[in-house]
Amino acid sequence: MGLATLTGTVPLATIALNFDPIVRLGDNGVRLETIGLTAAAFVALAVAALLAGRTTPDHHRTPAWAASEDGHLRRDDLLFIVLGIVPGAVVGGRIGYVLLHGDYYSANQGAILDAGQGSLELGLAVVAGTFTGAYVASLLDAPIGRWLHIAAVPALAGLALGKVATTLGGSGQGAPTDVAWSTAYVGPGPWGSLAPWIPAHPAQLYEAATTGLALVLLVVLLAVGAFRARDGAAFFVGLELWAIGRVVVTFTWRDEAILGPMRAGALIAIGVAVWALVGLVLARWAATRVRFQAHEVGATPEWPDPATRPPF
């Protein structure tokens, strides 16, 4: 959406935000949004580490090779898994951003790989990061299902806090509106949205709210014992709830609709929701298969080695 379109009608903002988005340290400065996003990532990582140390395996469901000697997941594995998530999230996020702005990148193909231009799209970043993180976990012989189970709550918490953090930089503003809760950034900035002074839907806060609601629902399901198997199903259910909320929020975005009322971001979010359903089915199938194999191994008699068997 161009600047001319945005400035056609300028309603009065109910909430005018006027602050310096940069923390200045002498001649240097750090954006508040960057600090907020870093804090969100740290909280997610800390929660994941805490849960990894407190969550013991279900010994009647989990084979012996699926955990460390004390029965807990290894926190050092978590660091390697996170390092594996980063490149997948960056590549997936960039692909998603190119899809969101296909018209521009079809005419400027050289800008696709320009890291200094544009941004990342969150939906495909989450999907691709999940794939690469799971791949690293497999290289470490870490139980992927249990790590996904652990990741469910911190992932949603990180996504919600990250969306709140974007408000500190004026990023993610939605379409212009005159609703009572419209927001506008009237300070000198620099801000992360086009024409930030125009009152608009606080789409970033909408998504933070829907993600928070998804987190609450997931915690309730965990509390009532819906995911006792710890097979990764909780992660995919949480991702499904998040994607549904994201579809709803995209109707307040500034992007032009490309399929009926649907924007490109909504179509990507629907794809993420479909992928989450597939992941849920595969997680349940894999857990059933592991339990069956463990049962078979346990039922097989262990005959003594003839070389070590004592004589009669």
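Here are some notes on the predicted model above, point by point.

1. Ground rules. This is a predicted model, so local features are taken at pLDDT of at least 70 and side-chain atom pairs at pLDDT 80 or more, while totals for chains, interfaces and linings use all residues. Numbering starts from 1 along each chain as its sequence is written, and side-chain values use heavy atoms, with hydrogens and water left out.

2. Overall make-up. The chain has nine helices and six strands, taken as DSSP runs numbered from the N terminus (helices H or I, at least four residues; strands E, at least two). Of its 312 residues, 43% are buried; that label means under 20% relative accessible area, with exposed over 50% and partly exposed in between (1.4 Å probe, protein chains only). Take the contacts between residues at least 6 apart in sequence: 71% of them join residues at least 24 apart, where contact means heavy atoms within 4.5 Å.

3. The cavity. Searching the whole structure turns up one cavity of 30 Å³ or more. A cavity here is a set of points on a 1 Å grid over the protein atoms alone where a 1.4 Å probe fits but cannot get out, and lining residues have an atom within 4 Å of a point. The largest cavity holds about 40 Å³ of space, the volume being the space filled by probe spheres set on the points, which are joined across faces, edges and corners.

4. V126, A152, A155, L156, L159, F235 and L239 line the largest cavity. Helix α6 (144-166) and helix α8 (233-249) each supply at least two of the lining residues, and α6 gives the most, with four. The lining splits into seven nonpolar, no polar and no charged residues (nonpolar: Ala, Val, Leu, Ile, Met, Phe, Trp, Tyr, Cys and Pro; charged: Asp, Glu, Lys and Arg; polar: the others, Gly among them).

5. T211. This residue sits in helix α7 (residues 203-223) and is buried, at a relative accessible area of 1%. Beyond its neighbours within four places in sequence, T211 touches L156, L159, A160 and W242.

6. R246. Have a look at this arginine in α8: R246 counts as buried, with 4% relative accessibility. Its side chain makes a polar contact with the side chain of E121 at 3.3 Å (N or O atoms within 3.5 Å, one able to donate a hydrogen and the other to accept it; residues adjacent in sequence count only if both atoms are side-chain atoms). Neighbours within four places aside, the contacts of R246 are E121, L122, G123, K163, E207, W253 and A269.

7. Strands β2 (residues 22-25) and β3 (residues 28-31) pair antiparallel over four bridges; pairing requires at least two DSSP bridges between the strands. L25 has N28 in β3 as its bridge partner. Two residues lie between the strands, and G26 takes a positive phi near 65°.

8. Backbone spots to check by eye. G189 and P190 are joined by a cis peptide bond, with omega about 10°, and P190 is in the loop between β4 (183-185) and α7. A195 lies in the loop between β4 and α7; phi of this non-glycine residue is positive, near 45°, and A195 is buried at 4% relative accessibility. D141, in the loop between α5 (122-139) and α6, has a positive phi near 55° but is exposed, at 63%.

Methods
On a 1 Å grid over the protein atoms alone, a cavity is a set of points where a 1.4 Å probe fits but cannot get out, and a pocket is an open set with protein on both sides within 12 Å along at least five of seven lines; lining residues have an atom within 4 Å of a point.
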